[in-house]
Amino acid sequence: MKTLPYLDTSLKRIHPGWLPVFETPAIADRLAAIDAELGRRADAGATVYPPRECVFHALSFFAPADARVVILGQDPYHGEGEAMGLSFSVPDGIRIPPSLRNIYKEIAADTGAGIPASGDLSRWATQGVLLLNSVLTVEADKAGSHGKLGWQTVTEALIDTVNRDNPGCVFLLWGNWARAHAEKIDTSRHLVLEAAHPSPLSASRGFFGCRHFSESNAWLAARGKTPVIWSDAGREPTLF
C-alpha cells in the first residue's frame with residue numbers, strides 16, 4: 001500500500017481483516033488521491049472532521065465476516081467535537097444530534113429500553129455493529145463538502161466486502177442513499193431492512209415505527225447469533 005501521510009495514522013488502527021480492500025490497486029489509487037487532497041486542504045488551513053486518527057474508526061472493531069449489523073450513514077457531523085468516525089455517533093459529553101435522538105426514540109418505542117444519556121455508539125460497535133458513512137471526512141461547518149473527493153468508491157468496496165464475506169448479517173438502510181445499496185445485497189444470506197432517514201425532516205415518514213431494532217435481534221437470534229443490546233439505559237427488555 002502507498003504511503004498516505006494524512007490517513008496512515010487511522011489506517012494503522014483498522015482490523016487486519018479489512019486490509020485486502022485497501023490493497024486492491026483501484027482502492028489504493030483512490031485513497032492516494034483522497035489523501036493528497038486532504039493534506040492540501042489541511043495545509044491551506046481547513047479544519048477537517050473527524051480527527052485524522054479516527055477516519056477509519058468504524059473498521060477498527062472487527063473483520064468484515066464478523067459484522068452482525070451494518071448501519072449506513074451519509075457523511076460525518078461537521079460541528080466541532082462531534083464526528084468520531086462512527087456514523088450517527090458523537091463522543092460522550094457532546095449533545096446528542098437530532099437524528100440520533102430520533103434513533104433512540106425508535107429504540108425506546110420498539111424495545112421498551114430507556115434512552116441513553118450518551119451519544120457514543122462505541123458500545124454498538126463492540127457488539128459487531130458496523131457504523132459506516134458513505135463519505136468519511138468533512139470540513140468544519142460545511143455539510144457535504146467532501147462529497148466529491150471519491151470516498152464513495154472506497155466505502156462501496158467495504159460494503160461489497162461485507163456482502164461477499166460475511167455469512168449473514170443485517171443491513172439497516174435508512175434514507176435514499178443507503179437504500180440505493182439494497183439491490184446489491186445478497187438477500188439469500190443477509191436481512192435487508194429499509195426505512196426513511198431518522199432526520200427530523202423525514203423520520204415521521206417511515207422511520208418511526210419501523211421496528212428495525214427488534215426485527216434485527218429476532219433475525220440474529222433465530223440464526224444462533226447474539227442479539228444487540230441497543231440501549232443499556234434502565235432495564236433491557238425482552239427483545240422479541
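Me: How many salt bridges does the structure hold?
Reply: The structure, which is a predicted model, holds eight salt bridges.

Me: Which residue does Arg41 meet in a salt bridge?
Reply: The side chain of Arg41 meets that of Glu139, with an N to O distance of 2.9 Å.

Me: Are Arg41 and Glu139 buried or exposed?
Reply: Both residues are buried. For Glu139 the relative accessibility is 11%, and buried means under 20%.

Me: Which residue, then, meets Glu139 in a salt bridge at 3.7 Å?
Reply: That residue is Lys142, the 3.7 Å being the N to O distance. Lys142 has a relative accessible area of 47% and is partly exposed.

Me: Which residues are linked with these in a network?
Reply: The network of salt bridges links Glu37, Arg40, Arg41, Glu139 and Lys142.

Me: Changing topic, what does Arg211 form with Asp110?
Reply: Arg211 and Asp110 form a salt bridge, in which the closest N and O atoms are 2.9 Å apart. Arg211 is in the loop between strand 6 (191-195) and helix 8 (212-222), whereas Asp110 is in helix 4 (residues 98-111), so this pair ties together parts that are 101 residues apart in sequence.

Me: And is Asp110 buried or exposed?
Reply: Asp110 is buried, at 8% relative accessible area.

Technical notes. Residues numbered from 1 in each chain as written. Predicted model: local features only at pLDDT ≥ 70, side-chain atom pairs only at ≥ 80, totals over all residues. Heavy atoms only, no water. Salt bridge = Lys/Arg side-chain N within 4 Å of Asp/Glu carboxyl O. Buried < 20%, exposed > 50% of the residue type's maximum accessible area, 1.4 Å probe, protein only. Helix = DSSP H or I, 4+ residues; strand = E, 2+ residues; numbered from the N terminus.
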